[in-house]
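I opened the notebook and listed what to look up. The entries follow in the order I made them.

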Amino acid sequence: MSQAYESDLLRLLDERGYIHQVTDPGALDELAAKEVVPGYIGFDATAPSLHVGSLVQIMMLRRLQQAGHKPIVVMGGGTTKIGDPSGKDESRKLLTPEVIDENIASIRTVFERLLTFGEGPTDAIMVNNDEWLSKLGYIELLRDVGPHFTINRMLTFDSVKLRLDREQPLTFLEFNYMILQAFDFVELAKRYNCRLQMGGSDQWGNIVNGMELGRRMEGFDLFGLTTPLLTTADGSKMGKTAAGAVWLNEDALPAYDFWQYWRNCDDRDVGRFLRLFTDLPLDEIAKLEALEGAAINDAKIVLANEVTKLVRGDEAAKAAEGTARETFAGGGAGDDLPTLSVGMEGMRVIAALTEIGFTSSNGEAKRKLAEGAVKLDGEPLSDPGFVLLPGDGEALKLSLGKKKHGLVTR
């Protein structure tokens with residue numbers, strides 16, 4: 001049952017299912033009801049695009065702005081050089097500063113669709129923690145920050161325990177990540193009067209660390225809020241498919257594939273995803289999630305359209321839905337399907353199924369052929385040795401089941 005919050009911020013986050021833990025809900029509610037609260041979430045720049053697993057955090061910043069507060073997007077230019085051990089069971093590959101800067105520039109494009117940036121009191125800003133972390137001297141860090149952390153407590157953190165329990169190496173470099181994240185919160189409070197850090201439930205310990213460091217070093221009164229661990233109804237991790245990550249950027253994943261990810265979600269996830277990832281009113285969402293049988297597919301199409309519209313824009317959503325309608329209903333091939341070029345020599349169908357992302361391995365492709373799940377131009381195909389060889393200017397339609405379709409060209 002939802003708690004009776006006074007502020008628009010906590011009421012909105014609560015109604016839409018974002019709240020897992022809040023450090024002091026009463027005090028944060030009171031603060032958010034009377035003044036603009038700058039709040040931040042940090043994103044490390046390990047790739048040129050974030051994936052769907054980060055979308056709930058981005059949407060939280062959008063909700064913060066919708067409720068009249070100031071979102072601060074912290075790009076981890078400094079912390080990306082180290083690697084966050086939270087939720088990981090192996091060390092992260094270290095990137096050069098140039099690659100990190102390129103990744104940040106690429107990632108920014110998605111935030112610009114979902115947040116309003118500017119100079120106003122509730123306008124979003126994007127900052128890079130490398131600005132202060134790279135200037136931080138090691139002796140200064142040890143002297144000013146080190147006394148506030150005990151190794152005893154750091155060893156109790158899930159991110160550390162996970163690696164140690166599995167007897168996997170946790171480098172001294174990564175062990176320092178939680179100290180730098182805590183320092184970020186203090187620095188943001190100083191620079192931008194940031195009072196709130198938000199994140200996934202795996203960040204709770206890091207967030208509390210930052211709050212405590214701010215209180216001890218500067219006497220700041222800071223707050224933390226985390227979202228529930230987001231998994232799909234079947235228990236799998238959000239944003240991962242057999243074909244790989246569901247990237248937010250267009251150049252990392254075509255709009256049609258992005259649209260299809262939402263269209264193909266589990267029936268049990270529709271209402272929750274509509275609340276978290278769209279701006280549709282709650283009463284409309286209640287009607288959509290109440291649909292049963294085949295009618296729930298209409299709700300999934302609304303979900304796919306709304307999320308694609310937010311993340312990729314109106315045109316991308318319309319094109320993806322049009323392609324789906326033509327492919328499913330009309331038997332056509334649509335303009336927005338994933339396309340695989342096989343060259344003059346052609347490609348065996350098992351390799352093509354894997355290359356286009358329909359299967360995760362050639363072994364799985366063979367099994368799907370044996371099951372009769374593969375069609376070429378609408379006709380069943382079962383021979384794993386069959387070579388796809390389209391003529392000049394020709395496009396063959398390759399399908400796996402009822403939902404995966406692509407074009408094979410020369």
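Buried means under 20% relative accessible area, exposed means over 50%, and partly exposed is in between (1.4 Å probe, protein chains only).

**Ground rules.** I am reading a predicted model, where local features need pLDDT of at least 70 and side-chain atom pairs count only at pLDDT 80 or more, while totals for chains, interfaces and linings use all residues. Residues are numbered from 1 along each chain as its sequence is written, and side-chain values use heavy atoms, with hydrogens and water left out.

**Entry: Glu212 and its partner.** I stayed with Glu212 and found a salt bridge to Arg216, with the closest N and O atoms 4.0 Å apart. A salt bridge here is a side-chain nitrogen of Lys or Arg within 4 Å of a carboxyl oxygen of Asp or Glu. Both Glu212 and Arg216 lie in helix 11 (residues 204-218). They are 4 residues apart, about one turn of the helix. I noted how helices and strands are assigned: they are DSSP runs, helices being H or I with at least four residues and strands E with at least two, numbered from the N terminus. Arg216 is partly exposed, because its relative accessibility is 41%.

**Entry: a pair from separate parts.** Next I looked up Glu250. Glu250 forms a salt bridge with Arg312, and their closest N and O atoms are 2.9 Å apart. Glu250 sits in the loop between strand 8 (244-245) and helix 12 (255-263), and Arg312 sits in helix 15 (residues 296-312), so the pair ties together parts 62 residues apart in sequence. I checked the cover on each partner. Glu250 counts as partly exposed at 42% relative accessibility, whereas Arg312 counts as buried at 6%.

**Entry: other salt bridges.** How many salt bridges does a search of the whole structure find? I got 18. One of them joins Arg143 and Asp144, with the closest N and O atoms 2.9 Å apart. Arg143 is exposed, at a relative accessible area of 56%. Asp144 is partly exposed, at 28%. I also found a network of salt bridges that links Arg62, Arg63 and Asp279.

**Entry: a nonpolar patch.** Which residues form the nonpolar patch on the surface? I wrote down Tyr138, Ile139, Leu142 and Phe172, with about 480 Å² of accessible area together. Patch residues have over 30% relative accessible area and no salt bridge; like charges are joined within 9 Å, and nonpolar side chains (Val, Leu, Ile, Met, Phe, Trp, Tyr) within 5 Å. The areas come from the Shrake-Rupley method with a 1.4 Å probe, and for residues only the protein chains shown count as cover. Helix 6 (residues 138-144) gives the largest share of the patch, 3 residues. Leu142 is found in helix 6. Leu142 is partly exposed, at a relative accessible area of 45%.

Entry: I turned to helix 3 (residues 55-66) and helix 4 (residues 97-114). They pack at an angle of about 40 degrees, and their axes are 10 Å apart. Axes are lines fitted to C-alpha atoms, for helices over the stretch in contact, and angles run from 0 to 180 degrees between N-to-C directions. Helix 3 and helix 4 are therefore oblique to each other. Angles under 35 degrees count as roughly parallel, over 145 as roughly antiparallel, 65 to 115 as roughly perpendicular, and the rest as oblique.

I then looked at helix 1 (residues 8-15). The axes of helix 1 and helix 3 come within 9 Å and cross at roughly 140 degrees. That makes helix 1 oblique to helix 3.

**Entry: Asn193.** Asn193 is not a glycine, yet I found a positive phi of about 55 degrees there. Most residues other than glycine have a negative phi. Asn193 lies in the loop between helix 10 (177-192) and strand 5 (196-200). Asn193 counts as partly exposed, at 42% relative accessibility.

**Entry: Asp44.** Is Asp44 buried or exposed? Asp44 is buried, because its relative accessible area is 15%. Asp44 is placed in the loop between strand 2 (38-43) and helix 3. From Asp44 to Asn129 I noted 85 residues in sequence and 9.9 Å in space, C-alpha to C-alpha.
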